[in-house]
Amino acid sequence: MKWLRQLGPLLALIVMIVLLSISSPYFFTVDNLLNIFRQSSVNALLALGQLLVIITAGIDLSVGSILGLCAVAVALSLKAGWSIIVSIFICLLVGAFVGWLNGAMLTKMKLPHPFISTLATMNVARGLALIISGGFPISDLPASYRIWGASSVSIIPVPVIIVVVVYFIFHIFLTKTISGRDIYAIGGNKVAAYYSGIPTDRRLVVVYMLSGLLAGLAAIILTGRMNSGFPLAGMGAELDSIAAVIIGGASFFGGVGTVWGTLVGALLMGVLRNGLNLLDVSAYWQTVVIGAVIVWAVYMDVLRQRVMKKKRS
Amino acid sequence: MHVELKNISKSYTGNLVLNKVTMNVKPGQVHALIGENGAGKSTLMKILIGVETADHGDIFVNRKNKKWRTPHDARDAGIAMVFQELSLIPTLSVIENVFLGRLLRKQSGLLDWHEMKSQVEKIFEEIEFPLDAEQTVEELSIAQKQMVEIARALSQNARLIILDEPTSPLAERDAERLFKRIKKLSEKNVSIIYITHRLEQVFKIAHLITILRDGEFIRTCPVSDVDMQTVVRDMVGRELSEQFPDRTQKVNGSSKKAALRVEGATRSNEFNNVNFSVYNGEILGIAGLVGAGRTELAEAIFGVRRLDQGMVTVQGKIAKINSPAAAVKTGIGLIADDRKLKGLVPDASVHFNLNVATQRKFATRCGWRLQGQEIEASKRLIDGLQIKLQSLQQNAAGLSGGNQQKVAIGKTLNTDSSILIFDEPTRGIDVGAKREIYFLLRKLADEGAAIILVSSELEEILGLSDRIIVMCQGRITGEIVAANATQEKIMEMAVGIYESTKNGVTA
Ligand SMILES: Nc1ncnc2c1ncn2[C@@H]1O[C@H](COP(=O)(O)OP(=O)(O)OP(=O)(O)O)[C@@H](O)[C@H]1O
Ligand SMILES: [Mg+2]
C-alpha cells in the first residue's frame, strides 16, 4: 500500500510524458530523456535535502544560496591550485557548515521557526558568495574536474549516476535506520518524540546539515557542467526544490514524505521545462505553466487519497 | 429535550463498530453510556452531534426525524458536546475557545469582548473553578483545559449536553463540583448523556444507564435496577475476578539499594525539597490533588525539566539526567499524562508508535533497524496489552481512547526500562483494561522493575501501591505503608496544607 502514495505524482509524470511525446517528436528520444535527467539532477539533490527538512515540518529557504556560495568556494579553491579532492571537500564542508548554522539557530538559539533562520542564511550566504567572488563568475576550471558535471559513463551522465546513488542511500537512511525513523517522528509530533527519548535537537541539526551538504554536492555538479562558479547560481532554486518535494507527496505539516516521490517531483519539473522549451513556449509563460502544474499535481494526489478513503470505508 | 437514536449502525473500513444501537434520552435525565474501550460510545455520540454520519438509522429530536448536515445543525437544535479528546485551539484565549465559532457581537458588528468575558467568568463561578479567562489555552494544565471544554458546552444553553469522559483529568474535588452543576441542570430539565469508565460516578449521578459491548446494544435500564457487578458483567461479557493483583510483599525497603533515589529535588513554583526512594520490585504510589506538582516532579526525573536543586541517583550511581534521551539511557521510562500531546505520533502507525522510543534496542550498533524484530515486539505488546486494532499499520489516531493509552504504555514498556513512572496510566481506560494494566504493573514489579504510580484515583493508589507518598503544593506531606492507608488518611495529607493556607498562596 505504501508505494501507492507515490502513484499520484507518478501518474502526473506519465500523463505529462505522454502529452509531450505526442506534441513533439524529439521529446521521447534517449538523448532527450537523458538530457532531462541531467538537467534535473541539481534540483533533485536540493529537493532531497529539502525533503528531509520538510519531513520534520520545517523549511529550508537557504539551499539556493548555499549552492551559490559552494559554487564560488569550489571554483576559487580550484583556481588557487588546490587539488580536486581538497576543493570538493571544501565545497561540501561549506555547505554542511551553513546547514549546521541553520540547525543551530533553530535548536540552540531557539529561533521560533526555520523560516527565519534559513531566511537569514539565505541572505548571508548569497552575500558572501558575491563578496568573495567580487560579483564575477569564476571560469575555466581544470578539465579533470569537469567530469563531475559534464561527462558520461557509456551513455549515462555522471550527474545522473550521482543522483541515483545518493537517492538510494537516503532511501535506506530514511527507512532502515533509527535516525531516519526519528526524523519522521519529530515531524509527526515533536513533543511526543522528545518524550520518547529521541534527541530531537541533535537530529534536527543533522537534517539541516545534510540539506546544506546536498546543496554543496549540487554545486559540484553545476560548476562542472557550467565550467565556472557563478555567485548567483541557484537564485530561486529553493522554491523549485520545495515544489518538487510537495509535488512528490510530502506533507507541509511534517511526518510524511518519501525519497522516490521527491525524485518523481523533481523529474516532473524537469520534464515540464524541457517539454516547454521544445514546444518553444516563452520563458515567461513557462513560469505560469509551472505554477498551474504544481496545483494540478498536488490536486491529483488529493483526489487519489479521497478515492482511496472512500474505497476503504 | 427528548432525543432518540434508533437502530444506528456505522462501520469504518469495513469493520462494524455500531450495530443497530438504540438509545432513548428523556428530558431532565442524566443518562450514563457505558462500555469497554472501543465499544463505540464516542462514535455514537459523534453521530448524534453530526461530526460523523451513520450508515443506517435515525435520530429523533422531540419526536421529529433529524438529518444533520453539519455539527452546526445539531448545535442550533440545542445539543452540545464535550469531546473525549480535547478539541481546543491552544493559541487562543480561554474566552475565544469558549465562544469558538459563535463569538458575540455588539450592534456595531464589532466583537463584544466585555460581554463574552463576563459570561465566561460567570460560568467558571458557577462551577466553582477559578480560571483567568484571558490566558491562552496552551498555558493551561490538562485539568484546566478540560474545564474550558466543559464551560464551552455549558455556555451554549443547550437542552442536551453530552459529556464524553469529562472527569478523567480532573481532581476529585473538581469532579464533585461538576456533578453539582449537572444535578442543577437536570433539575432545569436539561438532558445529560454521561460517558465514563468510573462506574462509581454512574451510581452517584445517573438516572438511566445504557450499556454497549463491541458495538452491540446490551440494555438500557434505571440505575436503581442494577448493581456494580451486573454492570461490569454486561460491559465485558463475563465475570471479572479481583480488580487488583495480590501484593507480593517480598520487598523490604531498608535492606536494599534503592533503584531510584531523589534527594532535595526543587524547582521554583513547582515542587520543593522532595526526597524519596523507590526499590526494585516495588510499586510506589504518589497521591495528591491535581496541581500538587506530581507531573512536574515526574517530568523532572525524566529530564523534561531541569532541577533547580537536588540530586537523582539511579541504582546507587549519581545520574545526570538533562533530557529524556538521557533518562531512557539510564533505564527510566515515563508514561506521560497527556498522551495526545506527549505520548503518540497520531498520524503514524501503531507499529511506528510502539517502536519510536526503543532507540537502538532493535538495531545494529551503527543504527540499522532490525525490522523483523520490531514487528515481533509490536505483536507481543499488542497481545500482552490486548490492544484492539485492525492492523499494525493502522494510524494511532484511529484507535479508541483507551487503546491509544495502551499504545502509549506499550511504547514505554518496549524500552525495557527498569524504573517506570506511570503518570495517570488508566485515565480513560475501561474496567477490564484497567485490571489488565494493574496486573501488568504488578508483574513488572515482580520481575524486578521499580514502579512509580502517579494517580488521582485513590482506589487505584490504595489497591496497587506497596507504599504511598502524598504531595500537596509541591511538598511531600506524608508517607504511609499501603497496609495502614485509608482514603481518609490520604485525603487529609493531600489537602492538609491546602486548607490551612486557603487564603494565602493557593493555586
Ligand atoms: N476514524 C476512525 N477510523 C477507523 N476506526 C475508528 C475511527 N474512530 C473509531 N474507530 C473504531 O471504532 C471503534 C469504536 O471506537 P469509539 O471511539 O467509539 O470507542 P469508545 O467506546 O468511545 O472507547 P473509549 O472508551 O476507549 O473511548 C473502535 O474499534 C475504533 O478503533
Ligand atoms: Mg471514547
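This is a predicted model: local features need pLDDT of at least 70, side-chain atom pairs count only at pLDDT 80 or more; totals for chains, interfaces and linings use all residues.
## Two helices side by side

An axis here is a line fitted to C-alpha atoms, for helices over the stretch in contact.

Take helix α3 (residues 63–79) of chain A and helix α5 (residues 114–133) of chain A. Their axes come within 8 Å and cross at roughly 25°. Angles under 35 degrees count as roughly parallel. α3(A) and α5(A) are therefore roughly parallel to each other. The crossing of α3(A) past α5(A) is left-handed.

Which residues make this contact? From α3(A) come A:Gly64, A:Ser65, A:Ile66, A:Gly68, A:Leu69, A:Val72 and A:Leu76. From α5(A) come A:Thr121, A:Met122, A:Ala125, A:Arg126, A:Leu128, A:Ala129, A:Ile132 and A:Ser133. By class, the contact of α3(A) with α5(A) has nine nonpolar residues, five polar and one charged.

α11(A) passes α12(A) in a right-handed crossing.

On the α11(A) side, the contact is made by A:Asp240, A:Ala243, A:Ala244, A:Val245 and A:Ile247. On the α12(A) side, A:Thr262, A:Gly265, A:Ala266, A:Leu268, A:Met269 and A:Arg273 take part. Seven residues of the contact of α11(A) with α12(A) are nonpolar, two are polar and two are charged.

## Around ligand 1

Now to chain B. There are 18 residues around ligand 1. Which come nearest? They are B:Asn37, B:Gly38, B:Ser42, B:Thr43 and B:His197.

Some atom pairs can be followed one by one. A polar side-chain atom of B:Lys41 lies 2.8 Å from an oxygen atom of ligand 1. For B:Ala39, a backbone N or O atom lies 3.2 Å from an oxygen atom of the ligand. For B:Gly398, a backbone N or O atom also lies 3.2 Å from an oxygen atom of ligand 1.

## An arginine in a loop

Where is B:Arg102? It sits in the loop between α3 (94–98) and α4 (113–126) of chain B. Leaving out residues up to four places away in sequence, B:Arg102 touches B:Arg75, B:Arg152, B:Ser155 and B:Gln156.

How far is B:Arg102 from B:Ile332? The two are 230 residues apart in sequence. In space, B:Arg102 and B:Ile332 are 46 Å apart, C-alpha to C-alpha.

Conventions:
Residues are numbered from 1 along each chain as its sequence is written. Chains are lettered from A and ligands numbered from 1 in the order in which they are written. Side-chain values use heavy atoms; hydrogens and water are left out. A crossing is left-handed if the near helix is turned anticlockwise from the far one by less than a right angle, and right-handed if clockwise. Helices (H or I, at least four residues) and strands (E, at least two) are DSSP runs, numbered from the N terminus. Contact means heavy atoms within 4.5 Å. Ala, Val, Leu, Ile, Met, Phe, Trp, Tyr, Cys and Pro count as nonpolar, Asp, Glu, Lys and Arg as charged, and the others, Gly among them, as polar. Axes are lines fitted to C-alpha atoms, for helices over the stretch in contact, and angles run from 0 to 180 degrees between N-to-C directions. Angles under 35 degrees count as roughly parallel, over 145 as roughly antiparallel, 65 to 115 as roughly perpendicular and the rest as oblique. A residue is near a molecule or strand if one of its heavy atoms lies within 4 Å of it. A polar contact is a pair of N or O atoms within 3.5 Å; within protein, one must be able to donate a hydrogen and the other to accept it, and residues adjacent in sequence count only if both atoms are side-chain atoms.
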